[in-house]
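Please consult the sequence and the structure alongside the text.

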Amino acid sequence: MLLFTVSTLLLFFSGSGLALQIQCYQCEEMTHDCSTPEFIVNCTVNVQDMCQKEVLVKDDGIHYRKSCASSGACLIASSGYQQFCTGKLNSVCITCCNTPLCNGPRQRKRPQPSAAIALNMPQLPVFLLHIVLLLSSTLC
């Protein structure tokens with residue numbers, strides 16, 4: 001019975017969509033913001049965990065590059081170009097974010113998160129720790 005319980009829990013967690021995938025806008029050197037549905041892509045699961053947005057100010061106007069990115073690469077790029085983010089000609093601004101479609105247009109006002117949503121989202125590491133402790137106590 002214990003083996004059945006453990007295997008059921010493992011099957012539940014492996015099939016419950018716990019893999020981390022994010023959606024981002026993706027475009028190269030566009031002169032418009034490219035934040036429309038045809039530019040939405042699914043990023044590589046558990047590899048590309050952030051969205052990246054580059055805003056370049058050139059002679060002919062503002063250009064946008066948007067893509068999926070790994071957190072390490074995006075954060076290094078954004079910090080490396082921070083000194084060039086002036087808003088003037090030849091300016092390059094790189095930003096990183098980790099929520100779905102966050103490299104799109106700026107939201108005017110952020111809605112306050114609902115308490116119900118916060119309560120319904122279990123903290124996965126803590127939840128798994130409780131299960132491991134429960135199982136180990138029943139095995140001993």
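Gln 52 has Cys 96, in strand 6, as its bridge partner. The model is predicted: local features need pLDDT of at least 70, side-chain atom pairs count only at pLDDT 80 or more, and totals for chains, interfaces and linings use all residues. Residues are numbered from 1 along each chain as its sequence is written, and side-chain values use heavy atoms, with hydrogens and water left out.

Strand 4 (residues 50–58) and strand 6 run antiparallel and are joined by six bridges. Strands here are DSSP runs of E with at least two residues, helices are runs of H or I with at least four, and both are numbered from the N terminus. Two strands pair if DSSP finds at least two bridges between them.

The open sheet consists of four strands in the order 2-5-4-6, with antiparallel pairing. Its edges are strand 2 (27–30) and strand 6 (92–97), each pairing on one side only. From one strand to the next, the twist averages 15°.

Helix 2 (residues 71–80) lies across strand 4, strand 5 (61–69) and strand 6, and runs at about 150° to strand 6. Axes are lines fitted to C-alpha atoms, for helices over the stretch in contact (heavy atoms within 4.5 Å); angles run from 0 to 180 degrees between N-to-C directions.

## Lys 53

Strand 4 also contains Lys 53. Among the residues that Lys 53 touches are Tyr 64, Cys 93, Ile 94 and Asn 103, where residues up to four places away in sequence are not counted. The side chain of Lys 53 reaches the backbone oxygen of Gly 104 at 3.4 Å.

Technical notes:
A polar contact is a pair of N or O atoms within 3.5 Å; within protein, one must be able to donate a hydrogen and the other to accept it, and residues adjacent in sequence count only if both atoms are side-chain atoms.
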